[in-house]
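Here is a short report on one protein model. Look at the structure first, then read on.

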Amino acid sequence: YTVRVYTGSQYNWELAYEAPCAIGAWNTPTIEGQFEYQYRTTWTYPSYYVGPALVFYGGYALHSTVLNYDGTEYDGTVRAKISHGCIRLHPWDINWIAARIPVGTKIYITG
């Protein structure tokens with residue numbers, strides 16, 4: 001389970017970044033296909049949050065692992081089928097990506 005960020009243009013892509021990720025659990029799989037990064041948000045819950053969340057389709061997003069409100073990881077699991085369909089990355093990885101990709105960036109998800 002890996003997220004890869006490429007720069008360049010068609011037939012001339014260069015790998016810019018690579019990070020381990022978690023994907024949707026067996027009963028809540030990650031959607032596959034071609035999408036566009038739509039907007040950035042943070043999702044908050046009573047005991048934890050995820051963010052930044054880079055939404056690419058409905059409620060699907062690339063986002064941080066589950067974080068405590070002090071910024072430490074509540075659940076830092078990656079390389080597993082554990083999410084509700086989103087793609088989870090460690091905070092340092094999603095922050096690197098969020099700082100570099102603009103809204104409208106193509107996102108390709110393959111199985």
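## Ground rules

This is a predicted model: local features need pLDDT of at least 70, side-chain atom pairs count only at pLDDT 80 or more, and totals for chains, interfaces and linings use all residues. Residues are numbered from 1 along each chain as its sequence is written, and side-chain values use heavy atoms, without hydrogens and water.

Helices (H or I, at least four residues) and strands (E, at least two) are DSSP runs, numbered from the N terminus.

## Salt bridges

The whole structure holds three salt bridges. Such a bridge puts a side-chain nitrogen of Lys or Arg within 4 Å of a carboxyl oxygen of Asp or Glu. Arg4 and Glu18 form one, at 2.7 Å from N to O. Arg4 lies in strand 1 and Glu18 in strand 2, so the pair ties together parts 14 residues apart in sequence.

Glu36 and Lys106 form another, with the closest N and O atoms 2.9 Å apart. Glu36 is in strand 3 and Lys106 in strand 11, so this pair ties together parts 70 residues apart in sequence. Arg88 and Asp75 also meet, at 4.0 Å from N to O. Arg88 is buried, at 9% relative accessible area, while Asp75 is partly exposed, at 22%. Buried means under 20%, exposed over 50%, and partly exposed in between (1.4 Å probe, protein chains only).

## Strand 11

Side chains alternate along strand 11. Ile107 and Ile109 point to one face and are buried.

Strand 3 pairs with strand 11 in the antiparallel sense over four bridges. Pairing requires at least two DSSP bridges between the strands. Tyr108 is the bridge partner of Gln34.

## The largest pocket

The largest pocket contains about 1000 Å³ of space. A pocket is an open set of points on a 1 Å grid over the protein atoms alone, where a 1.4 Å probe fits, with protein on both sides within 12 Å along at least five of seven lines; lining residues have an atom within 4 Å of a point. The volume is the space filled by probe spheres set on the points, which are joined across faces, edges and corners.

The lining has 33 residues, and Val3, Arg4, Ile107, Tyr108 and Ile109 lie nearest the centre. Strand 1 gives the most, with seven residues.

## Thr65

Thr65 sits in the loop between strand 6 and strand 7. Thr65 is buried, with a relative accessible area of 0%. Its contacts (heavy atoms within 4.5 Å) include Asp75 and Arg88, not counting residues up to four places away in sequence.
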